[in-house]
Amino acid sequence: MKSMNWDWEIKPQAPWAGVSLKELKSFKDLLLSLVRKEFLSQYQQTLLGPVWILLYPLLTVATYVLVFNKVIGVSTEGIPSFLYYLTGITLWNLFAEIFQQTAHTFVHNSTVFSKVYFPRLIAPISILLLNFLRFGIQLFFLAVVLAYYYISGAIQFNPLHILIAIPVILVTAGIAFGTGLVFAVITGKYKDLFGLLQLIIRLLMFVCPIFYSINLVPEKIKWIVNLNPLSSLFQLFRFSLLNTSSADLSSFIYSVTFMCIVLLSGVFLFNRMGDKLMDVL
Amino acid sequence: MSEIILQAENVSKSYNLGSIDSGSLRQELQLFWQSKILKRETDFFKDINKNNPKKLFWALKDVNLEIKRGETWGIIGGNGAGKSTFLKILSRIIRPTSGSVRGQGRLSSLLEVGTGFHQELTGRENIFINGNMLGMKRSEIQKKFDEIVDFSGVGEFLDTPVKRYSSGMYVRLAFAVAAHLEPDILIVDEVLAVGDVEFQKKCLGKMKEASSEHGRTVIFVSHNLQSIQSLCSKALWLEKGRSVAAGEAKTVINSYLGTQQKKAWKHEYDSMALAPGNEHIKVLKVELVPNLSNPMDQVDIRTELTVKFKFYNLNNDIHLTASVLLFGSAGECIFNVPSKAGVCDAGMFEAECTIPGNFLNDGSYFICLYFARNGTEELYCYNECLIFDVADYREDAEFYYKWWGMVRPDFKLSLNKVA
């Protein structure tokens, strides 16, 4: 038979690298419509609609102000506790939402995945975009609160430090996305691990310095905090916005390295195992 | 226009039988511990041993197919023949266990109507979501938006959430989007089985148009051989995961029907002990013989059918009637033809009954043999001894809908203009 140039080929093994960037780009319209679909569908037939994007973190913060500040009395480094917690919760929500939703990729999309082809990575990327959108709104709200406290003179503010927030946000999202992808593959195969997922999220929330500063942690158990790649990110995020205590450069490098590893292995694993999972879903 | 646009080479797909693949992590760790650490050969371990072919189920085995640009292929075969698996591999949803598929251009698959539809969102939103999922660009959808809405006929409900649609409207909207796809290769699973007759006709017409006028390649799976025959130029016949025949649609469909029919059309028993019956009657042979010029041709409404049977009467000196009863697929009796009653002695009897051509409607039928004494007293009833299908045949192939009526006799209807 004469040799031909084929546009595509389906082989038994999915390549680690997945589809080419060019092909991924050709599904841009689908990506955007998935984001739109998720965003719109979440607020159909609801009482408050998108207001929840702000209401949810506000209610969470209110709870934690009550528990950590008023009852237990953890120090907030001289910052008003509402602002201190809101800053932490905003970043935490970005992490938690991306991680959890990405981990549910196969379970949520199993009916669609079994009926139509598109690069599977499109689904988690749409989650990523959607959460950045939501995070943007929350960040805007945070900025308003920040401005209020700045004007009333309750906090100091260094405009240059704000730039630090950008890489911190990206690294946080990267870690969430990477670990989410790994968990998507694992939970796709073993459904009983969803319980573990919930546990991890809850545990992580208290191990991360959201409601306290790293410096408050007793030396004896500080290694736990140091081991957590998210610790330095929360510390730095607060540093950039509230001018509180900073974190070591080395711990930030540790976070970045962790993100690179987990992101690469997440994407590779997802690409490689995604099609195989279709047999067992 | 004879270049090969899609090529499947030795495509095989196997599944592990049993629940091993969907087990919990605990099971798998246990298995790992037993087999790798303790080096113990458990029965459980043997099950997942890939070298053990018994536990491996081949949904597809070495299927080869070459499709040229502009051809329309129908895939036929019984349940579990691997048709859907093959389509899923071609549409890149699952990967083959071995072999490969190569292709050119854009491929869209329609394995379900309304993939990605969100119940809470409006018809308008869903047109875009579904269109994007099937591989259309946003600009393409915008360009064809009015056409899609027109085709679906749900115009006034466009801004209503689709959960409030009737199921018919839902399907029509979904298919309207699909009908406006413009891929190089279109893969369609049995999705036409939904919607009303009028709409089905519209859809089949649209698919025909896609292949004949726009030169698109269509791969189509259906149980309805009639629609495959009218739509497809080529056909692939799968049986138990293997390709039995591939080529001209008419030839493949006819030989498929030929073997399908042979299986259920003759029962013969060598010994009295094995033959169905009781202490009064033993049926030794029952057979359906279609009067076809070519034995490989399919039985359609024009075909004359003869029921032949042979039985042993064990009673002396009785008034015996043997009847042939024909039932439709829903169990309704179409006719009951008895033999003339007469006094019979014990012995072997042969009987024959011919159903003329141009009498039965298309559909599935089964035949019962009924033996009675003195007209009413049942001796034996051989239920569902022959099962057969009658295919449709129409001079005017434009109509796809089911012909009404239990029978379809060729009575003459005269039409005269009187005023």
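Me: Which way does α2(A) pass α6(A), in a right-handed or a left-handed crossing?
Reply: In this predicted model, the crossing of α2(A) past α6(A) is right-handed.

Me: At what angle do the axes of α2(A) and α6(A) cross, and within what distance do they come?
Reply: The angle is roughly 55°, and the axes come within 9 Å. The two helices are therefore oblique to each other.

Me: Which residues make that contact between α2(A) and α6(A)?
Reply: From α2(A) the contact uses L30(A), L31(A), L34(A), V35(A), E38(A), F39(A) and Q42(A). From α6(A) the residues are I122(A), A123(A), I125(A), S126(A), L129(A), L130(A), L133(A) and R134(A).

Me: And by class, what is in the contact of α2(A) with α6(A)?
Reply: There are 11 nonpolar, 2 polar and 2 charged residues in it.

Me: Lots of those are three or four apart. Why do residues three or four places apart in an α-helix point the same way?
Reply: An α-helix has 3.6 residues a turn, so residues with that spacing point the same way.

Me: What about α5(A) and α6(A), at what angle do they pack?
Reply: Helix α5(A), residues 105-113, packs on helix α6(A), residues 122-151, at an angle of about 125° with the axes 10 Å apart. That angle makes α5(A) oblique to α6(A). The crossing of α5(A) past α6(A) is right-handed.

Me: Which residues of α5(A) and α6(A) are in contact there?
Reply: T105(A), N109(A) and F113(A) come from α5(A), and A123(A), P124(A) and I127(A) come from α6(A). By class that is 4 nonpolar, 2 polar and no charged residues.

Me: One more pair. How do α7(A) and α11(A) pack?
Reply: Helix α7(A) covers residues 162-189 and helix α11(A) covers residues 249-277. They pack at an angle of about 35°, with axes 7 Å apart. The crossing of α7(A) past α11(A) is left-handed. The contact holds 21 nonpolar, 6 polar and 1 charged residues.

Me: What is S246(A) in contact with, leaving aside neighbours within four places in sequence?
Reply: Q235(A), L236(A) and F239(A).

Me: Switching to chain B. How many helices and strands does chain B have?
Reply: Chain B has 9 helices and 18 strands. Of its 419 residues, 49% are buried. Its accessible surface is about 20800 Å², and carbon and sulfur atoms account for 51% of that.

Me: What share of the chain B contacts joins residues at least 24 apart?
Reply: 69%, taken among contacts between residues at least 6 apart in sequence.

Me: Which residue other than glycine has a positive phi near 70°?
Reply: R92(B). R92(B) sits in the loop between α3 (83-90) and β4 (98-103) of chain B. The relative accessible area of R92(B) is 18%, which is under the 20% cut-off, so R92(B) is buried.

Me: And E384(B), where is that?
Reply: E384(B) is in strand β18, residues 377-390, of chain B. Its phi is positive too, about 45°, although E384(B) is not a glycine. E384(B) is partly exposed, with a relative accessible area of 45%.

Me: Back to β4. Is S100(B) buried or exposed?
Reply: S100(B), in strand β4 of chain B, is buried, with a relative accessible area of 9%.

Me: What does S100(B) touch, not counting residues up to four places away in sequence?
Reply: From chain A, S100(B) touches E9(A), I10(A) and K11(A). From chain B the partners are Q7(B), A8(B), E9(B) and V11(B). The C-alpha atoms of S100(B) and A322(B), 222 residues apart along the chain, are separated by 58 Å.

Technical notes. Residues are numbered from 1 along each chain as its sequence is written. Chains are lettered from A and ligands numbered from 1 in the order in which they are written. This is a predicted model: local features need pLDDT of at least 70, side-chain atom pairs count only at pLDDT 80 or more; totals for chains, interfaces and linings use all residues. Side-chain values use heavy atoms; hydrogens and water are left out. Helices (H or I, at least four residues) and strands (E, at least two) are DSSP runs, numbered from the N terminus. Buried means under 20% relative accessible area, exposed over 50%, partly exposed in between (1.4 Å probe, protein chains only). Contact means heavy atoms within 4.5 Å. Accessible areas come from the Shrake-Rupley method with a 1.4 Å probe; for residues, only the protein chains shown count as cover. Axes are lines fitted to C-alpha atoms, for helices over the stretch in contact, and angles run from 0 to 180 degrees between N-to-C directions. Angles under 35 degrees count as roughly parallel, over 145 as roughly antiparallel, 65 to 115 as roughly perpendicular and the rest as oblique. A crossing is left-handed if the near helix is turned anticlockwise from the far one by less than a right angle, and right-handed if clockwise. Ala, Val, Leu, Ile, Met, Phe, Trp, Tyr, Cys and Pro count as nonpolar, Asp, Glu, Lys and Arg as charged, and the others, Gly among them, as polar.
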